[in-house]
Amino acid sequence: MPTSSPSSPRAEGDRPAADWAWLGRLPFDRALGLQDRLRDAILAGGGRETLLLCEHDPVITMGRHARPEHLLVSEAELAGRGVTIRRASRGGDVTYHGPGQLVGYPIFRLRRGLVAHMEAMATGIIAVLAGLGIAAEWRRDCPGVWVGAEKICAFGVHIRHRVAIHGFALNVTTDRAAFAPIIPCGLRAAGVVSIVELAGAAPSLPDLASAIAVAFARSFGIAIAKADPRTLQSISA
């Protein structure tokens with residue numbers, strides 16, 4: 001892996017410039033294709049760093065370190081429930097994405113290292129949760145944002161030439177029963193929890209996406225501007 005990063009567009013105050021967009025409900029495959037195209041554009045020298053925020057149709061993703069025994073239901077049975085399975089280039093084990101979950105994909109350059117990249121994501125998410133009255137913490141030993149023994153936000157990334165894709169999945173109104181077909185992140189003793197369970201109510205996903213974008217601007221030290229999602233989705237390789 002190269003030790004130097006591509007040149008970065010600069011913004012006011014000499015902070016790197018980035019875009020963000022709320023894409024609404026988006027199939028996993030379309031989101032992955034868009035991430036790849038945005039990363040390719042950055043590596044080619046003409047693309048901007050971008051934070052994509054969306055909600056997915058029900059999908060179980062298997063990361064690079066996923067173990068088959070952590071999937072507890074057959075693919076045929078899942079298909080009957082309307083849940084697809086996808087292999088993913090991100091790190092980590094098995095996880096679920098679906099309605100009521102805010103998924104974020106920062107296609108960002110690594111300014112320091114991989115752990116620092118994940119910790120910057122966690123710092124922004126923890127700040128947003130604190131504003132909702134939820135005290136959460138980052139755990140480096142089991143990467144994610146936790147409330148006690150339950151994970152509220154899972155992480156997984158893929159790095160190529162020091163540019164990251166994939167990112168985080170924050171449970172907002174996600175039904176914890178949706179995780180029953182898997183052992184989330186391969187952690188048998190851990191649970192999952194959502195914002196609505198802890199706070200009794202939750203912001204809309206578009207409002208939460210906006211709050212996350214603002215928080216990431218602080219935690220990553222970037223200047224971030226809202227982009228037209230139609231423009232982003234028209235980007236070609």
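I call a residue buried under 20% relative accessible area, exposed over 50%, and partly exposed in between, using a 1.4 Å probe and protein chains only. Ala 180, at 54% relative accessibility, therefore goes down as exposed.

**Ground rules**

I am working from a predicted model, where local features need pLDDT of at least 70, side-chain atom pairs count only at pLDDT 80 or more, and totals for chains, interfaces and linings use all residues. Residues are numbered from 1 along each chain as its sequence is written, and side-chain values use heavy atoms, with hydrogens and water left out.

**Confidence**

I looked up pLDDT, the predictor's confidence in each residue, from 0 to 100. The protein has a mean of 86, and 87% of its residues reach 70 or more. Residues 1-9 stay under 50. For that stretch the model has 21 contacts beyond four places in sequence, a contact being heavy atoms within 4.5 Å. I note for myself that where pLDDT is low, the predicted coordinates should not be read in detail.

**Overall layout**

I find six helices and 12 strands. These are DSSP runs numbered from the N terminus: helices are H or I, at least four residues, and strands are E, at least two. The protein has 237 residues, of which 50% count as buried. I also checked how far apart in sequence the contacts reach: among those between residues at least 6 apart, 79% join residues at least 24 apart.

**Cores**

Next I looked for nonpolar cores, meaning sets of buried Ala, Val, Leu, Ile, Met, Phe, Trp, Tyr and Cys residues joined through side-chain atoms within 4.5 Å. The largest has 41 residues, and those with the most contacts inside it are Leu 102, Ile 125, Phe 155, Phe 168 and Leu 170. Among the elements that give it two or more residues are strand 1 (17-25), helix 3 (114-131), strand 9 (150-160) and strand 10 (163-171). Helix 5 gives the most, with nine residues.

Then I followed Phe 168. Leaving out residues up to four places away in sequence, Phe 168 touches Leu 53, Leu 102, Val 103, Gly 104, Met 121, Ile 125, Cys 153, Ala 154, Phe 155, Ile 212 and Phe 216. Apart from this core lies another, of 20 residues, including Ala 31, Leu 34, Ile 42 and Val 163.

**Rings**

How many aromatic pairs does a search of the whole structure find? I get five. Rings of Phe, Tyr and Trp (its six-membered ring) pair if their centres lie within 6.5 Å; planes under 30 degrees apart count as stacked, over 60 as edge-to-face and the rest as tilted. Tyr 96 and Phe 179 make an edge-to-face pair, 5.4 Å centre to centre with 70° between the planes. The pair links distant parts of the chain, 83 residues apart: Tyr 96 is in strand 5 (residues 94-97) and Phe 179 is in the loop between strand 10 and strand 11. Both are buried.

Ring pairs also link Phe 108, Phe 168, Phe 216 and Phe 220 into a cluster. Elsewhere I found Arg 139 over the face of Trp 146, at 4.2 Å from the ring centre; the test is NZ of Lys or CZ of Arg within 6 Å of the ring centre and within 35 degrees of the ring normal.

**Around Tyr 96**

Ala 180 sits in the loop between strand 10 and strand 11 (191-192). Ala 180 and Tyr 96 are 84 residues apart in sequence and 9.6 Å apart in space, C-alpha to C-alpha.

Gln 101 is in strand 6 (residues 101-107). Is Gln 101 buried or exposed? Its relative accessibility is 1%, so I put Gln 101 down as buried. A polar atom of the Gln 101 side chain lies 3.2 Å from the backbone oxygen of Tyr 96. Not counting residues up to four places away, Gln 101 touches Tyr 96, Phe 179 and Leu 205, among others.

His 117 lies in helix 3 and is buried, because its relative accessibility is 3%. Beyond four places in sequence, its contacts include Phe 108, Val 157 and Phe 220.

Most residues other than glycine have a negative phi, and most peptide bonds are trans. His 161 has a positive phi of about 50°, and Arg 162 has a positive phi of about 65°. His 161 is in the loop between strand 9 and strand 10, and Arg 162 is found in the loop between strand 9 and strand 10 too. His 161 is partly exposed at 41%, while Arg 162, at 14%, counts as buried.

Methods: Polar contact = N/O pair within 3.5 Å; in protein donor to acceptor, adjacent residues only side chain to side chain.
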